[in-house]
Amino acid sequence: MSRAPLVFAAGVFYPGGEHITGWRSGADASSYLDLDYWTRFAQTAESGRFATLFLADELYVWDRFRSGIEHGTNVRLEPFTLLSALSQLTTKIGLAATVSTTYNEPYHVARKLASLDHLSHGRAAWNLVTSASDEEARNFGRDTHLDHGIRYERGAEFVDVVNGLWDGWDDDAFIFDKSSGRYADRSKLHVLEHRGEHFAVRGPLNIPRPVQGHPPLFQAGASEAGRALAGRTADAVFTLGGGSLASGQRLYDDYKRRALAAGRGADDLKVLPWFSPIIGDTEADAEERFRELAELTPERVQVDLLAHYLGVDLGERDVDETFTFDFDHENFNQSKSGYKGIADLLAQRPYTLRELAWEVLRRRFTVGTPDTLAAHLIERYENGAANGFILMAPTLPDTLTRFVEHIVPRLTDHGIYPGEYAGDTLRENLGLARPAGRYAA
């Protein structure tokens, strides 16, 4: 085929699935701290030839609203610890951890990712986030979150420092010659000596260059600053799913143009829209599955989720009155893309608060049968709106299992999804070249 094969990432936001109350219909919630639960998840995704796992992460408990504690999943394992364990229980699938560049230091992150890459024989990756909430700031010595623009400036410098640290040792720097006693070649060690606006890092890193050279970098920022950073640095970008084919094509083209403008190839940046399917045996069954999931989400939780996206408390609003809101796009300091999405909804027609909360919930999912869902993926892939998708299963483990059993075979039969892994490293399975070190001759 002329295009690179379709790729999938298996994402987890909440341990019980992407949906905040998905834990009520999935596995026993107490199992989320057990390695066996995550092993089954990883091995199921690997049986479906997913390129990578992706563990979302946040550095706080969502206690802004009482419902967040009483009804939502608020606990999760630390990603690097979990992925290190899974690296020994899987053989091909990538292992991507979320990293906040606002509340971490480059040296720590470069070392952890290099360690995971060596332990997994070249399957580590990282998902760069700049964080989005004041709750996180308060766990790291600040009352409020850094300004949106500063967060992305810091994120861009963070990537440069991490890549520089990884390149500190040449690939052939280590000799391990017992007869001569030479462990490493000093001429193949390069001290970074980085001094920038946000970081001062001498280096070198105290671990050899990663197996992949640079473990792949994922990003999900959809604001102007986020897109600019992705175009310059990301190997793959997670985008919002849903919407029309035309809107998906415009977003895909925008990211590709940004990669080209940064001196990269268009294929150097993979565009992976969010895909959260409700899979039914029939259309009626799929709609019933969505209804059952929605009924497990108390109205207060739906409203509080909307309030979280808008950055205000909506607790005193009448849910049956027409909802109005004064949007301040310029000064909003959380996720700007989600904020804009709600503004766009309200620009289309009037909504009550109850209706808007329900619509925001409904639009997170794509409801259908294996045939219609596979057709949706094929259409987006074949018409230049996606290189692949990040599967955010609403509930686990059932959605992932159904996807692997019923949708993956349809995509393979259609000829766009590989019947086996392309290689042993994540870069190979994403169709990405291994970068040479910056000091290589």
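I start at the end of helix 13, which is followed by Gly384, a residue with a positive phi near 70 degrees. Helices here are DSSP runs of H or I with at least four residues, strands are runs of E with at least two, and both are numbered from the N terminus. This is a predicted model, in which local features need pLDDT of at least 70 and side-chain atom pairs count only at pLDDT 80 or more, while totals for chains, interfaces and linings use all residues. Residues are numbered from 1 along each chain as its sequence is written, and side-chain values use heavy atoms, with hydrogens and water left out.

Helix 13 itself covers residues 370-382, and its 13 residues reach 18 Å from the first C-alpha to the last, close to the 18 Å expected at 1.5 Å a residue. The expected span is 1.5 Å times one less than the number of residues. Among the buried residues of helix 13 are Pro370, Leu373, His376 and Tyr381. Buried means under 20% relative accessible area, exposed means over 50%, and partly exposed lies in between, with a 1.4 Å probe and protein chains only.

I turn now to helix 12, residues 353-362, where Leu353, Leu356, Ala357, Glu359, Val360 and Leu361 are buried. Which helices do these buried residues pack against? They pack against helix 9 (283-295), helix 10 (299-310) and helix 11 (336-348), where contact means heavy atoms within 4.5 Å.

The axes of helix 10 and helix 12 come within 9 Å and cross at roughly 80 degrees. Helix 10 is therefore roughly perpendicular to helix 12. Axes are lines fitted to C-alpha atoms, for helices over the stretch in contact, and angles run from 0 to 180 degrees between N-to-C directions. Angles under 35 degrees count as roughly parallel, over 145 as roughly antiparallel, 65 to 115 as roughly perpendicular, and the rest as oblique.

A second pair is helix 7 (residues 224-233) and helix 8 (residues 245-261), whose axes come within 8 Å and cross at roughly 55 degrees. These two helices are therefore oblique to each other. On the helix 7 side, the contact is made by Glu224, Arg227, Ala228, Ala230 and Gly231, and on the helix 8 side by Leu251, Asp254, Tyr255, Arg258 and Ala259. By class, this contact has 5 nonpolar, 1 polar and 4 charged residues. Ala, Val, Leu, Ile, Met, Phe, Trp, Tyr, Cys and Pro count as nonpolar, Asp, Glu, Lys and Arg as charged, and the others, Gly among them, as polar.

Is His148 buried or exposed? With a relative accessible area of 9%, His148 is buried. Leaving aside residues up to four places away in sequence, His148 touches Ser223, Ala225, Asn333, Gln334 and Lys336.

Finally, the loops. The peptide bond from Gly203 to Pro204 is cis, with omega near 0 degrees, and Pro204 lies in the loop between strand 8 (200-201) and strand 9 (217-219). Another cis peptide bond joins Leu396 and Pro397, with omega about 5 degrees. Pro397 belongs to the loop between strand 14 (388-392) and helix 14 (398-414).

His121, a residue other than glycine, has a positive phi near 60 degrees. His121 sits in the loop between helix 4 (106-119) and strand 4 (124-129), and counts as exposed because its relative accessibility is 60%.
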